[in-house]
Amino acid sequence: MAAAAREDELMSLPTDVLDIILARIPFELLVRTCCLSRAWRRRWESVRYLDIRLGWGCRGAPSARDLLRCAAPVVGFRACVHARHFHHLPTWFPALASKGVRELAIECDGVRRGHPDTPPYWVIDQCLFSCAALAVLHLEDCDMPLAPPGFRGFPSLVSLTLRGVTLPAEGGGARVEHLVAAAPLLAELRLDDVDVEELEDPTPPLYMWAVRAPRLRVLKMATRLDIGCRIPHCWRRRTSTLFNEYPLEGISCKFDNLREVHVTTNFGQQPSTMSLFSLLRCAPYIEDLSIEAEDISFSHRDDPYEIEEDDFISSGINENSFSSLKYVSLSGITYSSNQLRFMKFLLSKTESLQSFAVTFLYSKSNKEYVKACRVLRAFRRASASPQARFEV
């Protein structure tokens, strides 16, 4: 009788108050409230704005029927998907689409990817693209899905994250390019450890693809491999394996809204360095710039590219390009002439700088570290931002 009385007390709460309480219960437990009593049998089905989270510790997976019984709209659905639950995805997506899901995050069990006993079913089903109301999409440790014919994009998408995602060797870049271009409101783009599928020889030429997102405010590209992405689109040739020309005059895209940038750059490779120059030239209002430098020795070229003074002049970068820049962070820095020249150029052109942080690969007892710090101090004395705080 006491338990029944407590249940009645909860049911006597105002509907909106009870909904708030129930929405905070983990989804697998929320569904089980149907067993409490006859009055509770379908109560959970009327809870709107659910944010469903399925962590790695979740023992079971909801069925599509459970999701279809949820009240619309469903705010978010975040699932850590074990191999044994992967088959649910094709049924989850249509159910979530019918509920107008706004935030979708799928993290696959990357530990078992490539395991000899694991079948190759890590390609996300096309039904994902039926979730037309998405504002946030996060995919992790899976293969990039192929959009179905006639896909018109996610008109409300503002944030896209691809982490540990593998692109098909043929046309993989085009999938991301189309997804970004078909999201007119996209403000945040994160490409973290995105890879390209390895095929047996002959390897197809790398597809050059572009980020076209004029409303972009946050950009993160952290990958040590060339996945064909160029920012912005300025390559005349759509497919190529050698990058001997870089026509800056071909740039047609501006990122006037871009405020925060995190990129990986190999200053020993011309395409990587020039892509960085191109980005800085086309995004004149960046406030926070973070660069993870690759070791020059990682370059596959026998004769590493050397930045010349003419490269800075021809890049089109001037004082106006850094008019809003306040925070600069560089990591993985070595006593590399290219990296030092870039830092000197950046400091000489930036007047609004508040913080300039450099993290070297060397230990403080290393001779190269001592020499690099000496050069950096000289750059600081000649800096256009004497008020900036230097951190080494």
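Residues are numbered from 1 along the chain as its sequence is written, and side-chain values use heavy atoms, with hydrogens and water left out. Because the model is predicted, local features were required to have pLDDT of at least 70 and side-chain atom pairs were counted only at pLDDT 80 or more, whereas totals for chains, interfaces and linings use all residues.

The protein chain contains 10 helices and 16 strands, these being DSSP runs (H or I of at least four residues for helices, E of at least two for strands) numbered from the N terminus. Of its 392 residues, 47% are buried, where buried denotes under 20% relative accessible area, exposed over 50%, and partly exposed the range in between (1.4 Å probe, protein chains only). The accessible surface, computed by the Shrake-Rupley method with a 1.4 Å probe, comes to about 19,500 Å², and 52% of it belongs to carbon and sulfur atoms. With contact taken as heavy atoms within 4.5 Å, 74% of the contacts between residues at least 6 apart in sequence join residues at least 24 apart.

In soluble globular proteins, nonpolar side chains tend to be buried together. The largest nonpolar core in the model has 100 residues, and F77, I106 and F356 have the most contacts inside it; such a core is a set of buried Ala, Val, Leu, Ile, Met, Phe, Trp, Tyr and Cys residues joined through side-chain atoms within 4.5 Å. When residues up to four places away in sequence are not counted, F356 touches V328, L330, M343, L346, L347, L376, R389, F390 and E391.

An unreviewed UniProt entry annotates residues 11–48 as an F-box domain, and such annotations may be inferred rather than shown by experiment. This span is 42% helix and 0% strand, and its end C-alpha atoms lie 16 Å apart. In helix α2 (residues 15–23), the buried residues include L18, D19 and L22. R43, in the loop between α3 (27–32) and β1, counts as buried because its relative accessibility is 12%. Its side chain makes a polar contact with the side chain of D19 at 2.7 Å, a polar contact being a pair of N or O atoms within 3.5 Å of which, within protein, one must be able to donate a hydrogen and the other to accept it, with residues adjacent in sequence counted only if both atoms are side-chain atoms.Beyond residues up to four places away in sequence, R43 touches M11, T15, L18, D19 and L22.

Helix α5 (residues 89–98) has L89, W92, F93, A95 and L96 as its buried residues, and these pack against β1 (50–54), α4 (64–68), β2 (74–81) and β3 (103–108). Just after α5, G100 takes a positive phi of about 65°. In the loop between α4 and β2, where P73 is found, a cis peptide bond with omega of about 0° joins A72 and P73. Positive phi values also occur in Y49, near 60°, and in D141, about 55°, neither of which is a glycine.
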